[in-house]
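Please look over the sequence and the model before reading the points of this note. They are meant to be checked residue by residue.

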Amino acid sequence: MSTDAAPRRAAPDAPPAAAGAHPVRQRIGWLDCARGAAVVAVVLLHVSIGHFYMLDHSSRYMVPVWDRINQVISVLRMPLLFVVSGMLASTKIARGFRKGTSLVTIVSDYYFYLVWLLAYGAFMLAAGDRPVPFQFTSFSQYLLQIVLPGTHLWFVFFLAVYILVLTAARKVPPTLIIGAAVALHLWTATTYSVQSPLWTRGLQFALFFVLGVYGREALLWVARQHWLTILTCGASVALYLAVSLSTIMSLDPIELPRAALLMCLYVAATLAAIGLAGLLSKVPLYLAIGSWVGRRTLSIYVMHIPVITIINFAQDGALSWLSHATATSFAFDAAWPLLMTAIVVAICVGLQNLLTRIGLGFLFALPQPVARRLRPRT
């Protein structure tokens with residue numbers, strides 16, 4: 001089955017903006033697979049740094065190995081997630097505020113952000129003295145998150161911002177918008193580093209959402225050209241060697257030539273990932289699993305950090321066997337980040353289903369009455 005004929009289906013857990021709106025645009029299977037792979041890579045990173053690295057290990061080599069794997073994946077993790085998100089949002093942006101569903105999408109995404117910011121705040125209060133990622137030192141610092149995200153929820157926040165800006169600027173020539181996004185990306189890379197506040201990531205990765213919006217048809221073509229997948233994979237390797245890992249993970253802002261080279265690496269790696277997603281979508285099992293995860297991306301994204309943290313809390317009790325297992329079994333130690341990632345993803349999806357069934361669906365979707373009022377009148 002060719003990638004352009006891949007199964008198309010509505011997304012049961014599409015971004016909350018889609019909930020209660022007009023019939024959801026049919027989805028291309030490999031797009032969901034690509035988005036699912038990207039969010040799994042995000043979970044793998046946080047499983048590694050927020051859980052695995054803190055266990056007692058059987059081999060001193062495993063932490064550096066998984067650290068290097070996560071560093072390499074960083075060249076496509078967020079770029080791919082934003083490119084696919086842009087592709088999925090392209091039509092509603094082109095239709096504008098009056099004829100499309102951009103307004104309900106913007107409100108829904110920001111609503112989703114605020115709901116889970118509140119939930120995360122409650123989670124931190126419940127945790128007490130136990131360590132929680134993105135801990136706030138004051139209530140005013142927490143309130144600042146309403147307009148300046150400093151937690152893993154920044155991705156959801158900027159989805160709303162990007163759609164708002166691009167819908168408002170839909171009559172501006174795409175070349176100007178892409179040029180501005182390139183300039184913003186390069187300025188961010190030469191001004192901030194991996195240690196900078198998380199909201200700076202929203203400036204850096206705007207380029208890839210823009211490329212997804214305006215390059216949708218070209219990217220759909222890329223996914224069908226398997227010779228191009230080989231070419232972009234080779235280019236990614238060459239650029240990775242030229243850029244070097246020290247530049248990718250630099251604790252200081254990098255110089256403009258390096259920033260431009262790194263940008264090219266991000267683009268090449270994303271194109272390679274899209275081509276691989278199109279190729280692998282021909283495998284029915286991968287298509288089924290990948291699209292299943294990809295259609296639940298936002299639920300997994302917002303819940304995975306609390307789930308990982310709760311598992312860490314349980315290591316002093318019911319899950320105390322984990323440290324012992326990694327200290328006595330090399331195979332378990334080596335495979336645990338992947339196994340843990342699969343467990344966290346499954347728990348997140350299960351939690352969403354459970355919470356929706358018990359009447360807490362508002363955690364994942366804008367209430368229907370509000371969504372209806374925001375839809376364009378036909």
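This is a predicted model: local features need pLDDT of at least 70, side-chain atom pairs count only at pLDDT 80 or more; totals for chains, interfaces and linings use all residues.

1. Residues are numbered from 1 along each chain as its sequence is written, and side-chain values use heavy atoms, with hydrogens and water left out.

2. On the helix pair: helix α1 (residues 29-50) packs with helix α15 (residues 297-314) at an angle of about 15 degrees, and their axes are 10 Å apart. Axes here are lines fitted to C-alpha atoms, for helices over the stretch in contact, and angles run from 0 to 180 degrees between N-to-C directions; helices are DSSP runs of H or I with at least four residues, numbered from the N terminus. The two helices are therefore roughly parallel to each other, a term used for angles under 35 degrees.

3. On the residues that meet there: α1 contributes Arg35, Gly36, Val39, Val42, Val43, His46, Val47 and Gly50, which meet Thr297, Ile300, Tyr301, His304, Ile305, Ile308 and Asn312 in α15, contact meaning heavy atoms within 4.5 Å. The residues of this contact divide into eight nonpolar, six polar and one charged; Ala, Val, Leu, Ile, Met, Phe, Trp, Tyr, Cys and Pro count as nonpolar, Asp, Glu, Lys and Arg as charged, and the others, Gly among them, as polar.

4. On threonine 297: this residue of helix α15 is buried, with a relative accessible area of 1%, where buried means under 20%, exposed over 50% and partly exposed in between (1.4 Å probe, protein chains only). The side chain of threonine 297 reaches the backbone oxygen of glycine 294 at 2.7 Å.

5. On positive phi angles: phenylalanine 134, although not a glycine, has a positive phi of about 60 degrees; it is found in the loop between α4 (102-127) and α5 (139-143) and is partly exposed, at 26% relative accessible area. Serine 244, also not a glycine, has a positive phi of about 80 degrees, lies in the loop between α11 (226-243) and α12 (245-248), and is partly exposed at 22%.

6. On threonine 151: is this residue buried or exposed? Threonine 151, in the loop between α5 and α6 (154-168), counts as buried at 0% relative accessibility. Leaving aside residues up to four places away in sequence, threonine 151 touches Phe134, Phe136, Gln145 and Leu198.

Key: Angles under 35 degrees count as roughly parallel, over 145 as roughly antiparallel, 65 to 115 as roughly perpendicular and the rest as oblique. A polar contact is a pair of N or O atoms within 3.5 Å; within protein, one must be able to donate a hydrogen and the other to accept it, and residues adjacent in sequence count only if both atoms are side-chain atoms.
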